[in-house]
Amino acid sequence: MLIDNLKNEIRVFDSMIQAFRGLESAVLNRQTDMLSRYAVTIEELSLEISRLEDERDVILKEMGYQSVKDYIDNSTASDVPQVAYLAAEIVEKLNELTIVMESIRQIFEFENHYFEFLNNLVRGVNPSPNYSFNQNKQGGSPYTANYSSSRYDSLK
């Protein structure tokens, strides 16, 4: 029963990795209709993983163990090597999922920085003020904000 639970979790992680890859593709190809579809799929798969983890906890408690590691370390059953292998495969799937999620985060971060760059280039709008040291020592604040006029306006 524990082995079936672990196999199901691996299957769900595979589906989740594919959904995140689809999400990544939809972001890159600007397919906004697909974004929500993948988001819903990912949410459903997350709920399925949560359900499987709860189910696994119940199975382990019924067998008298606290965790899969506890089962692997203390059980004398013949399926311990297979359970250890499946647990390692789950860790591998989690690592792969982390890599795909990090890739998507980097895509969004790049797009945000690119938008800021274009906004600054075209409109001269800088979301964070630039400060320069004021060399004039005659009172006042030693720092002044340099808000340049729009670069677009200066080209007119």
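1. Among contacts in the chain between residues at least 6 apart in sequence, 61% join residues at least 24 apart, where contact means heavy atoms within 4.5 Å. The model is a predicted one, in which local features need pLDDT of at least 70 and side-chain atom pairs count only at pLDDT 80 or more, while totals for chains, interfaces and linings use all residues. Residues are numbered from 1 along each chain as its sequence is written, and side-chain values use heavy atoms, with hydrogens and water left out.

2. The chain has five helices and two strands, arranged along the sequence as α-α-α-α-β-β-α; helices (H or I, at least four residues) and strands (E, at least two) are DSSP runs, numbered from the N terminus. Of the 156 residues in the chain, 27% are buried, with buried meaning under 20% relative accessible area, exposed over 50%, and partly exposed in between (1.4 Å probe, protein chains only).

3. Helix α1 (residues 2-28) and helix α2 (residues 32-63) have axes that come within 9 Å and cross at roughly 165 degrees; axes are lines fitted to C-alpha atoms, for helices over the stretch in contact, and angles run from 0 to 180 degrees between N-to-C directions. The two helices α1 and α2 are therefore roughly antiparallel to each other, given that angles under 35 degrees count as roughly parallel, over 145 as roughly antiparallel, 65 to 115 as roughly perpendicular and the rest as oblique. The residues of the contact of α1 with α2 divide into 19 nonpolar, six polar and six charged, where Ala, Val, Leu, Ile, Met, Phe, Trp, Tyr, Cys and Pro count as nonpolar, Asp, Glu, Lys and Arg as charged, and the others, Gly among them, as polar.

4. The axes of α1 and α4 come within 10 Å and cross at roughly 15 degrees, and α1 and α4 are therefore roughly parallel to each other. By class, the contact of α1 with α4 holds 21 nonpolar, two polar and nine charged residues.

5. The largest nonpolar core has 30 residues, of which Leu2, Met16, Phe20, Tyr71 and Val83 touch the most other members; such a core is a set of buried Ala, Val, Leu, Ile, Met, Phe, Trp, Tyr and Cys residues joined through side-chain atoms within 4.5 Å. The elements that give two or more residues to this core are α1, α2, α3 (68-74) and α4 (80-123), and the largest share, 12 residues, comes from α1.

6. Leu2 lies in helix α1 and counts as buried at 3% relative accessibility. Not counting residues up to four places away in sequence, Leu2 touches Arg56, Ile59, Leu60, Tyr71 and Val83, and its C-alpha atom is separated by 9.6 Å from that of Asp57, 55 residues apart along the chain. Val83, with neighbours within four places in sequence left aside, is in contact with Leu2, Ile3, Leu6, Val68, Tyr71 and Ile72.

7. Leaving aside neighbours within four places in sequence, Lys93 is in contact with Ile10, Phe13, Asp14 and Ile17.

8. Most residues other than glycine have a negative phi, whereas Arg30 has a positive phi of about 55 degrees although it is not a glycine. Arg30 is placed in the loop between α1 and α2, and at 61% relative accessibility Arg30 counts as exposed.
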